[in-house]
Amino acid sequence: MKQLIKMTEKYTMPDARGHFGPYGGMFVAETLIPPIQELNAAYQRYLDDPDFIAELDKDLQYYVGRPSPLYHAERWSRELGGAQIYLKREDLNHTGSHKINNTVGQALLAKRMGKTRIIAETGAGQHGVATATVAARLGLECVVYMGAVDVARQSLNVYRMKLLGATVVAVESGSKTLKDALNEALRDWVTNVDNTFYIIGTVAGPHPYPAMVRDFQAIIGREAKQQYFDATGRLPDALVACVGGGSNAIGLFYPFIDASSVKLIGVEAAGDGIATGRHSAPLSAGRPGVLHGNRTYLMADDDGEIIETHSISAGLDYPGVGPEHAWLKDTGRAQYVSITDNEALDGFYALTRMEGIIPALESSHAMAYAMKLAPTMRQDQTLIINLSGRGDKDMQTMAKREGIEL
Amino acid sequence: MSRLANTFEALNQAGRKALVPFITVGDPYPEFTVPMMHAMVEAGVDVIELGVPFSDPMADGPVIQRASERALAHKMSLRRTLGVAMEFRRTNQHTPVVLMGYLNPIEAMGYEEFANAAARAEIDGVLTVDLPPEEGEHCAALLKARDIDPIFLLAPNSSAERIQKMDAVGSGYLYYVSLKGVTGAGHLDIDNVKAKLEQLRANTRLPVAIGFGVKDAITAKTIADLGDGVVVGSALISKIEANLDNPEQAKQEIIELLAAMRHAMDNGV
């Protein structure tokens, strides 16, 4: 992981036990403590291992297709009449989103740890596809847990996973979405700890996952920082990324955390609107609590029961958020806003028609916020938006909304 | 001495083992639980574990997950669970009651408020599945200050070092999860449990209750011979699930199963 310009040095979170201030940590049942300690030891060891880094860099370049371009959306910038908009094109990665940056990294770890079986949870199916992809390549058994509701609305990705040789398990418990898929994957892991590596797809879960997934995704921000610096000799004014669990956002933000002049803006899913209660915006409208191994902002009721969430995008439909985002929010280093389903659709159509790029519905939330923000900025200022995934997987959802049978 | 310590001490002196049933509070409906608890005491149980329903029970198998969902459908909560325990205690002063659940309901209530409320309800022990000692020292201290035992889990893959840690932080008893998996799983390996118990005994003086995979009188007897107590949960809740249209029948079958376990544990099968 070559670093050509100064990245993150002053900011040193998390601490040795995985805490970001009061957030993060390792809140798991006892059976998972030994495998998590084993994983943490392997991760700490290979993080600085030149052989491992060289293998990862090679995969990122020749298999994933990195570096991804930093694209100046000139027509859209002109149309909005404010800041210059740059798109970090994670949609161009192999499998169509940023998720593969992390699965390539974790799969290499699994291989070095001698694990023969991979499990994963998935919401929109992008992480499931990215996991099934690397498992196929390494010849590892792969089981992906996916909420039954998501299986129905992301059937294309289910088919892709099956083509790649993965077993897709439709989870029928609870709200039948991403959080329930995570519960079920944790249950699998507890049962099969000896041979199984759990590839978590976002910066949530118990330590070391939030830090580890961030470190694998930080390639996004390192490249963007270098690319923008090479083109202009300076830093951008603001970064915008959608936040479900928050892996694409932290991947972009992390290398800029020390650069205090750069605004970091995470965009949560407001669903039908924050006031309706039907949303997926724990940072905007939730409260701190513990779920899935870490303390963070959650959507929970007064009794601490997790509330069912809603978003047009399956990938943002999660009641928690990575603990580092909770910390960045409380310290004020990042700000978090929210975008409704309808606004996200505006972002989806705008990018498609202005720039000829069809974004994923998740990424469309970031686009929609940029449409609000850019006109308030000067034309000599710059906004980098993380285009975290492509919209191909959402064609059925969109066609259905338009009343078209595919 | 806590009610739990007294109970295990008395059993030990009598050469008997503790029978510890687990039921989810409010399953299949809130008013079912207190009479069920009294009936279980009459059937010869020594300690009662009350499962606090949670929306996302990550360490539980499908049987206890569904019990949680049924209870939550009746708006059962941690606060109402404490009310149930308090009601039970009005007419039973001797049977220890242990709450078993997940951390977020406690986080939502606040640790100190929870510890105070648990003390008022005369709760004897609290086992929080997703609160390992590394994260739980503050909570454990609050509980101990109110004579409530913080109870910790141990697993087949727990090292000697971790057993010592639980011995230091925990009290009342240690709960040994006899297999890698979720509650209600089927693959109990007696030889493995036996070997692990030797390691546990070498590293703790706390009583050890063994759970996960106890289904009938024979497994209860076999497990009882290895530890100080037997925890049975999913096998009981399965009776509730099989008789949702007739909860009294479920109660009767639970009592019969517990009585058979008690008899096997005391007299052999």
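B:Phe8 and B:Tyr173 are both buried, that is, under 20% relative accessible area, against over 50% for exposed and partly exposed in between, with a 1.4 Å probe and protein chains only. The model is a predicted one, in which local features need pLDDT of at least 70, side-chain atom pairs count only at pLDDT 80 or more, and totals for chains, interfaces and linings use all residues. Residues are numbered from 1 along each chain as its sequence is written, chains are lettered from A and ligands numbered from 1 in the order in which they are written, and side-chain values use heavy atoms, with hydrogens and water left out.

On to the rings. Searching the whole structure turns up twelve aromatic pairs over all chains; rings of Phe, Tyr and Trp (its six-membered ring) pair if their centres lie within 6.5 Å, and planes under 30 degrees apart count as stacked, over 60 as edge-to-face and the rest as tilted. One of them joins A:Tyr198 and A:Tyr209, and is tilted because the planes sit at 55°, with the centres 6.2 Å apart. Here A:Tyr198 belongs to strand 8 (residues 196-198) of chain A and A:Tyr209 to helix 9 (residues 209-217) of chain A, eleven residues apart; helices (H or I, at least four residues) and strands (E, at least two) are DSSP runs, numbered from the N terminus. A:Tyr198 is buried at 0% relative accessibility, and A:Tyr209 is buried with a relative accessible area of 0%. Ring pairs also bring in A:Trp189, making a cluster with A:Tyr198 and A:Tyr209.

Charges turn up over rings as well: A:Arg137 lies over the face of A:Tyr63, 4.3 Å from the ring centre.

Note on methods. A charge sits over a ring if NZ of Lys or CZ of Arg is within 6 Å of the ring centre and within 35 degrees of the ring normal.
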